[in-house]
Structure formats: C-alpha cells, structure tokens
Amino acid sequence: MTSGDDQKPFGRYAPNALQRAVIAAAHSSSLKHGAFRPWLSPLVRLFGAGPIDVSYQGASFRLHDLASGAERGVLFNPDYNLPELDFLREYLPRGGVFVDAGANVGTYAVPLAKHVGANGRVIAIEPLPSAGARLAFNASASNLTNLTLVKGAAGETDGTLEIKTRSGVEGPSYRLLTILNGIGIDHIDAMKIGVGGFEDRVLVPFFHDAPQVLWPKAVAIEHLKRTVWQNDCIADMTARGYAIAGRTRSNTLLVRR
C-alpha cells in the first residue's frame with residue numbers, strides 16, 4: 001500500500017535549496033559513505049519534511065531515506081552500487097533480461113530497466129509490501145513499461161515465508177524457477193540477488209533444476225550474511241562453470257565461462 005505522499009506526482013518533493021546544499025556537500029566529500037549517512041537524513045529534514053524526489057542512474061526515485069539504508073545510499077552517494085551496476089550493464093544488452101531477487105525499492109531494477117530499453121525485460125522480486133509499493137512508484141515515475149513486479153519472496157520452496165522485520169511479515173514464497181516459468185522467461189542475461197542470508201536456498205535449487213539455457217551470464221550475489229548460508233552457493237556456481245570476476249564490500253560478482 002502506498003502512502004499519501006506517494007500519490008503525489010514525481011517532483012512534488014524536489015529538494016529545496018537548503019536540502020540541495022546538504023546533499024551536494026555529501027556528494028563531494030567523505031560524508032557520502034555509510035557511517036555518516038544516518039546523521040544526514042535528519043539534518044535534511046530540518047529544512048523540509050516528507051520524502052525527497054531525485055534522479056539516480058538515469059531513473060526517478062522518491063526516497064523515504066529516514067528508515068531505509070538503501071534509500072539513504074541513493075540520496076547521499078552518487079556512486080552507490082555503481083561497481084555492481086556497471087558490472088551488470090556490461091553483460092546486459094539493450095533488449096536483454098535482468099532478474100532482481102530481493103529488489104527492495106528498485107535501486108538495481110529501475111536503472112537497469114532504463115538500460116535495457118522498452119524491448120528488454122526486468123523481473124523485480126520483492127516480498128515486503130512497503131518496498132514493493134515504493135518500487136512500483138519509482139518505476140512509474142521513470143516511465144517504465146518493461147518491469148514486472150513479483151509480490152513475494154524468492155525462496156527454497158513454493159509456499160509461504162516469514163520475513164524477519166520489526167513487525168514480522170508472512171507472504172508467498174516461490175522457487176526462482178517457478179517465477180521464471182510462470183512469466184515466460186526463456187533466458188537471463190544478468191541477475192542480482194540479495195535476500196537476507198537466503199541466497200543459497202534460492203540459488204542452489206535453481207541451478208540444480210533449471211535448464212542451462214536459463215542460467216544467467218552474470219550474477220551479483222550479496223554476501224553480507226554468508227555466515228548463515230547452509231550451502232556455499234558461490235562454490236556451487238564455480239563448480240558449474242562460473243568464474244569470480246570481482247568482489248565489492250557487499251557483493252561477489254560472477255560470470256559464466
């Protein structure tokens with residue numbers, strides 16, 4: 001469900017002059033890095049309440065950054081996720097197919113939907129209704145017609161899954177192969193997955209069951225919660241012919257050889 005703020009046209013919450021000054025100061029200094037960003041959001045709100053409408057990586061975003069680390073990153077760091085995005089773009093042609101498992105508000109899915117163009121496809125899988133609503137708004141504000149939002153979790157089985165949040169959210173869970181077959185995806189050029197430590201329980205069954213024509217050319221796997229994996233999905237992928245092309249603070253980048 002969207003908030004009242006998200007019913008208003010994009011641009012209604014463009015930053016004012018004082019907010020722009022704080023944002024510009026962050027962009028041009030070490031304040032853009034993660035440790036400082038939680039302090040900057042309340043400072044920006046001293047000069048104006050509500051969300052903030054900005055452009056990011058060629059797309060339009062309405063940011064609710066007070067409660068969202070990803071949205072703070074977009075607001076204060078112009079290079080947020082840039083190494084991962086550049087890696088994925090390298091393997092994602094115009095007209096290509098991108099899958100984003102754990103899409104959040106669309107910080108990957110929306111810019112990459114702009115990148116692939118109207119003839120491409122982006123599948124954004126997001127279980128949290130609040131994040132999914134923000135993603136849908138950002139996609140609409142960016143004039144996208146090629147993004148499919150799957151309202152559910154990518155999981156180990158088809159069923160239900162409880163998402164660990166402050167209030168607890170239970171919703172549908174689907175195997176990745178179930179999702180792709182259900183919407184008629186016949187190949188994947190690039191994929192990003194970040195599902196809170198369940199990356200292995202999504203990827204290992206997928207690569208076991210999916211035909212190789214569905215195996216993506218390039219994958220960015222969030223590894224921040226690798227210690228809770230039951231299986232090393234990166235090792236599983238390298239055993240299947242993928243090579244590690246690089247690592248960032250948050251992600252391991254793999255390419256199919």
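Of the 257 residues of the chain, 51% count as buried. Buried means under 20% relative accessible area, exposed means over 50%, and partly exposed lies in between (1.4 Å probe, protein chains only). The model is predicted: local features need pLDDT of at least 70, side-chain atom pairs count only at pLDDT 80 or more, and totals for chains, interfaces and linings use all residues. Residues are numbered from 1 along each chain as its sequence is written, and side-chain values use heavy atoms, with hydrogens and water left out.

The accessible surface of the chain is about 11,800 Å². Carbon and sulfur atoms contribute 53% of this surface. Areas come from the Shrake-Rupley method with a 1.4 Å probe; for residues, only the protein chains shown count as cover.

Nine helices and 12 strands make up the secondary structure elements counted in the chain. These are DSSP runs, numbered from the N terminus: helices are H or I with at least four residues, strands are E with at least two. The radius of gyration is 18 Å, close to the 18 Å of the globule rule for 257 residues, so the chain is as compact as a globular protein of that length. The radius is taken over C-alpha atoms, and the rule is 2.2 Å times the number of residues to the power 0.38. Along its principal axes, the C-alpha trace spans about 55 × 40 × 35 Å.

Contacts (heavy atoms within 4.5 Å) were examined by sequence separation. Among those between residues at least 6 apart in sequence, 64% join residues at least 24 apart.

Aromatic rings were considered next. A pair of aromatic rings is described by the distance of the centres and the angle of the planes. Rings of Phe, Tyr and Trp (its six-membered ring) pair if their centres lie within 6.5 Å; planes under 30 degrees apart are stacked, over 60 edge-to-face, and the rest tilted. The count comes to five aromatic pairs. Tyr56 and Phe61 form an edge-to-face pair, with 5.6 Å between centres and 80 degrees between planes. Tyr56 and Phe61 are both buried. Phe206 and Phe207 also pair edge-to-face, at 5.2 Å and 75 degrees. Both of these residues are buried.

Ring pairs link Phe206, Phe207, Trp215 and Tyr242 into a cluster. Trp215 lies in the loop between helix 8 (199-209) and strand 10 (218-222). Trp215 is buried, with a relative accessible area of 7%. Not counting residues up to four places away in sequence, Trp215 touches Ile188, Phe206, Phe207, Ala210, Arg240, Tyr242 and Arg256.
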